Amino acid sequence: MAIVYLSLGSNLGNRQQLIGRAIEKIKEQIGTVVRQSALFETEPWGFSSPNKFLNAAVCVETNLTPRQLLQATQSIEQQLGRTHKTPAPSHPRTLSPSSPRTPQYSDRPIDIDILLYDNLRVDEPDLQIPHPLMHQRDFVMKPLRQILESSR
């Protein structure tokens with residue numbers, strides 16, 4: 001059983017309901033949600049929009065491999081109305097050395113990112129664990145810190 005941390009965000013539609021539905025689908029399709037953070041309202045990151053985000057983090061016990069987890073999170077995003085993430089041209093401010101391209105940032109009903117998977121490191125073109133940009137993003141780190149501190 002692996003312990004994984006996921007980041008969730010929504011800035012379209014009923015944001016609170018979408019995050020709640022995403023957590024329910026995570027329970028059904030990924031594993032047991034051990035802890036979840038409060039909801040945090042934040043400004044968009046990496047693009048301009050009048051729509052603020054609601055963000056949260058969850059800790060999940062799962063039997064899925066990292067690749068299966070990625071497929072499951074992408075499936076949940078699509079079930080909740082997310083269109084496919086589109087690659088954007090390289091932007092030096094937001095890239096990690098191992099990530100030549102980043103997704104195009106835009107308004108979205110739900111976004112689920114894999115932050116951590118046990119102590120595993122994965123560096124593949126479409127899957128990087130730990131998430132390479134998480135330390136640059138307060139909207140990821142505040143909810144993550146909240147659930148990490150609640151586990152002590």
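**Helix packing and side-chain contacts in the predicted model**

The buried residues of helix α1 are Leu 18, Ile 19, Ala 22, Ile 23, Lys 25 and Ile 26, where buried denotes under 20% relative accessible area, exposed over 50% and partly exposed the range in between, calculated with a 1.4 Å probe on protein chains only. These residues cover an arc of only 165° around the axis, which puts them on the same side of α1; the arc is that of the directions from the helix axis to the C-beta atoms. On the other side of α1, Gln 16 and Glu 28 are exposed. The structure is a predicted model, in which local features require pLDDT of at least 70 and side-chain atom pairs count only at pLDDT 80 or more, whereas totals for chains, interfaces and linings use all residues. Residues are numbered from 1 along each chain as its sequence is written, and side-chain values use heavy atoms, with hydrogens and water left out.

The secondary structure of the protein comprises three helices and seven strands, taken as DSSP runs (helices H or I, at least four residues; strands E, at least two) and numbered from the N terminus. Along the sequence, these elements follow the pattern β-α-β-β-β-α-β-β-β-α. Of the 152 residues of the protein, 48% count as buried. Contact is defined as heavy atoms within 4.5 Å. Among contacts between residues at least 6 apart in sequence, 72% join residues at least 24 apart.

The buried residues of α1 pack against β1, β2 (31-36), β4 (53-62), α2 and β5. The 15 residues of α1 should span 21 Å at 1.5 Å a residue, and the end C-alpha atoms of α1 are 21 Å apart, which agrees; the expected span of a helix is 1.5 Å times one less than its number of residues.

In α2, the buried residues are Pro 66, Leu 69, Leu 70, Ala 72, Thr 73, Ile 76 and Glu 77. Seen down the axis of α2, its buried residues fall within an arc of 165°, so they line one face of the helix. The elements that cover them include β1 (2-10), α1 (15-29), β5 (111-117), β6 and β7. Gly 81, which follows α2, has a positive phi, near 100°.

Ile 3 is placed in strand β1 and, at 28% relative accessibility, counts as partly exposed. Apart from its neighbours within four places in sequence, Ile 3 is in contact with Cys 59, Val 60, Glu 61, Leu 116, Tyr 117 and Asp 118. Ile 3 and Val 34 are 31 residues apart in sequence, and their C-alpha atoms are 9.1 Å apart in space.

Salt bridges were assigned where a side-chain nitrogen of Lys or Arg lies within 4 Å of a carboxyl oxygen of Asp or Glu. The count by this rule is six. One of these salt bridges joins Glu 124 and Arg 67, with the closest N and O atoms 2.3 Å apart. Glu 124 lies in strand β6 (residues 122-124) and Arg 67 in helix α2 (residues 66-79), so the pair ties together parts that are 57 residues apart in sequence. Arg 67 also forms a salt bridge with Asp 126, the closest N and O atoms being 2.8 Å apart. This second pair links distant parts of the chain, 59 residues apart, with Asp 126 in the loop between β6 and β7 (127-129) and Arg 67 in helix α2. The relative accessibility is 30% for Arg 67, 32% for Glu 124 and 48% for Asp 126. A further salt bridge connects the side chains of Lys 52 and Glu 43 at 3.4 Å, N to O; Lys 52 is partly exposed, with a relative accessible area of 38%.

A search of the whole structure finds two aromatic pairs. One of them, formed by Phe 47 and Phe 53, is edge-to-face, at 6.2 Å centre to centre and with 85° between the planes. Rings of Phe, Tyr and Trp (its six-membered ring) pair if their centres lie within 6.5 Å, with planes under 30 degrees apart counted as stacked, over 60 as edge-to-face and the rest as tilted. Both Phe 47 and Phe 53 are buried. Arg 137 lies over the face of Trp 45, at 4.3 Å from the ring centre; a charge sits over a ring if NZ of Lys or CZ of Arg is within 6 Å of the ring centre and within 35 degrees of the ring normal.
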